[in-house]
Amino acid sequence: MPKYALALVNIKGLGVKTFSYLIPDEMKDEIQVGQAILVPFGRQGLINAFCVGFSDYLPEEIKAKKINKILDKTPLFSLEYLKLLEWVANYYICDFVTVLNTAIPMKLIEKCSKTEKSIEYLSSENTTKRQKEILDLLKEKGKMSLIEFERLAKTTRATVMKLADAGCVKLADEEIYRNPLEIFADQKVEPLYDLNDEQTKVYNEINKQIKSKTRKNEPLLLYGVTASGKTEVYFKLIKDTIDSGKNVLFLAPEIALASQLTKRLARKFGINDVAIWHSSISDGERYDVWQKLYKNEIKILAGARSAVFAPLKNIGLIIIDEEHENAYKQTTPAPRYDARKVARKLAEFHNCPLILGSATPDIESYYRASNMKLLSEMPHRFNNAPVAQTSVINMQNHSRQAYRGVISIPLQTAIKETLEKGQQVILLINRRGYSTTTQCQACGQVIECENCSIPMIWHSDGMELKCHYCGKTKSFPEVCPKCGSNALKNSGTGTQKIEILIKELFADARIERIDSDILQKKTAHIELLNRFQSGEIDILIGTQMIAKGLDNPNVTLVGVISADASFNLPDYRASERGFQLLTQVAGRSGRGKFLGSVIFQTYNPDFYAIESAKAQDYKTFYSTEIAAREEFDYPPFSQVIRLVLSSENEFRAEKSAQEIAYRLCSIIEKQGVSERLIVLGPSVCVIERIQNKHRFQIIIKNKMDEKGHMFISKFMQRITMPKDVKLTIDVDPIDIL
């Protein structure tokens, strides 16, 4: 056994630097790469660290301190896993420790240091009468799993965990598996459906591509219209992978969709082989699932973007459903990683196929797959079910007769007829709150957030103005802060307003709203969607979270209140995002035996993206969009790297941005690559100020692939920022606002 362990300490700013520690004799047979350890570190005393390697050599002048303790004998990662995290740090130009903290939350390490070997009774003066009854029951019954104990004591996990935190109960890590799938425990395993001709054709195509030697670890794209049956193809490929002795990683863009997906997987493959991973599962669940994954006891891991960092072993297949979704990209904090790109590198490490699926593929994904002949298509709905009929209502002609100027008469009529048939309605308005702008009718002043340069949103349920960026709230002002007039008026439309208007129009209908404002409990979205699925809700009003994943055969009408909303942003992806949203939400209608209908309300009916969405015509939209991207050198014809400099001092932020841009342009000119590394800016960000910090941006278009990325990365590593200016580096940003 080597004499020293290389420890990566949990202190930001040290990058990938390791420190050597002497391995005590009693640990030499136990210590392994990936274990969490406790080590002394200067004045900070004992701190958490990770063992990342070993050595026999140490310079004579350095006297190594001893490792204090192995926090958990089960390693949390392998050397291969470290290589993936190192790639993430390099690609996203980010500190390695920051990546490590994202991939392996430090709460897991804290959990390691608290976990003991058995469940036992301990006395405590702080316990309540009910808690003492629970403890007495535990003492009587002895060691058992947490799930068994919860059911026996008729108590909740939260109560047990409070007892554990208070020191009343010690939890056994080897005995407890807090399975987040226990809610599916009563589900019977169902057989896989037989594939139809179109599904079989695509399944065979994908298998042929997987075996092809020319694929070179490139992702495969399954482009299938909404309700075409892509999931059944996934399930058949999953079964093949499991039968071959390999494991599967299946990503969905959001927690709600990941939960629905996990339920379907549990029905098809049983709860023992399936686990779920996302940011909202508890620390205990995360810890237990992590250990099960590392021990190769899970065959299928479903989850949202963070699941790409879970230590799933022996991966034979990675699937990313709804691959076009922005939710796969973490925008803040660092590392600002994209799970799709990380999954591609993960697939490369495991030499396994990566399958991307969508009815509205990301422009870059479709471009790459079609050019490399790695594209499979499912152009028809399952069993040739008809696509919902789409109507476009020109609000220039209908707004005067519309209810409160918002709900057009054709939409009112369609809702009434749908409800009379006992069928369900989805209404999309991609804005939260009641109204989006509060403006003085006398002087034109818009009430903006004091910390952010954006209008505050009026929320009728809390009777307050709220900033959706910093969370600041305030009461509605009695007079205009600029001119003193009392002519303040709300305008614009959000989900709360639509909910109130629809309840006024359809008083007898069961109406619910779903947006992030009402989702206080982590399971609230699942409960609400389950109620909608079971027919307890007639009309569901919501933001973009209702545009995907809902497979309710009784939904026969989808109405989009303001189809223009997503197109009005000064961002090169705005048209793509708007088209995807409209197409996806339209796909929620008519998925059962009843013909569906869709209504888009818009003030710009001739806009090409709206016309394409109406026709459910992705390829026409793609042709127009890809030509514009090529003309202006946007992805896939370049890689975009965005630098944002922010400070409470506007002059300092602008000055720093100018200096960086000047130095970068000078080096690029000197290297003679100015046509392939294009620097735009600095310029004021579209949202000029957030949380009282002024913002300036530099946009870099890299047309040199890895060489250009490495060039920018090395340049950024040499940058030293003033303490009062923050530099944010966003590789492959999802917007430039």
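1. Buried means under 20% relative accessible area, exposed means over 50%, and partly exposed lies in between (1.4 Å probe, protein chains only). At 26% relative accessibility, Cys 470 counts as partly exposed. Cys 352 has a relative accessible area of 2% and is buried.

2. A note on the model. This is a predicted model, in which local features need pLDDT of at least 70 and side-chain atom pairs count only at pLDDT 80 or more, while totals for chains, interfaces and linings use all residues. Residues are numbered from 1 along each chain as its sequence is written, and side-chain values use heavy atoms, with hydrogens and water left out.

3. Cysteines. How many disulfides does the structure hold? It holds zero. A disulfide is a covalent bond between the sulfur atoms of two cysteines. The rule applied here asks for a pair of cysteine sulfur atoms within 2.5 Å. For the sulfur of Cys 470, the closest cysteine sulfur is in Cys 449, at 3.6 Å, which is too far for a bond.

4. Helix α16. Helices (H or I, at least four residues) and strands (E, at least two) are DSSP runs, numbered from the N terminus. Helix α16 spans residues 524-533. Which of its residues are buried? They are Ala 524, His 525, Leu 528, Leu 529 and Phe 532. These residues lie on the same side of α16, because they cover an arc of only 125° around the axis. The arc is that of the directions from the helix axis to the C-beta atoms.

5. Around α16. What covers its buried residues includes helix α9 (255-269) and strands β14 (424-428), β20 (511-514), β21 (539-542) and β22 (555-560). Contact here means heavy atoms within 4.5 Å. Just after α16, Gly 535 takes a positive phi of about 90°.

6. Salt bridges. A salt bridge is a side-chain nitrogen of Lys or Arg within 4 Å of a carboxyl oxygen of Asp or Glu. By this rule the structure has 36. One of them joins the side chains of Lys 73 and Glu 30, at 3.5 Å from N to O. Lys 73 lies in the loop between β5 (69-70) and α1 (79-91), and Glu 30 in the loop between β2 (19-22) and β3 (36-40), so the pair ties together parts that are 43 residues apart in sequence. Glu 30 is partly exposed, at 31% relative accessible area.

7. A bridge to α9. Glu 190 and Lys 268 meet through their side chains in a salt bridge of 3.7 Å, N to O. Glu 190 sits in the loop between α6 (157-165) and α7 (197-211) and Lys 268 in helix α9, so parts 78 residues apart in sequence are tied together.

8. A network. Salt bridges that share partners join Asp 362, Glu 364, Arg 573, Glu 576, Glu 625 and Arg 629 into one network.

9. Two strands pair if DSSP finds at least two bridges between them. Five strands form an open sheet with antiparallel pairing, in the order β2-β1-β4-β3-β5. At the edges stand β2 and β5, each with a single partner strand, so one side of each has no neighbour in the sheet. Strand β1 (residues 4-9) pairs with β2 over four bridges, in the antiparallel sense. There, Ala 7 has Phe 19 in β2 as its bridge partner.
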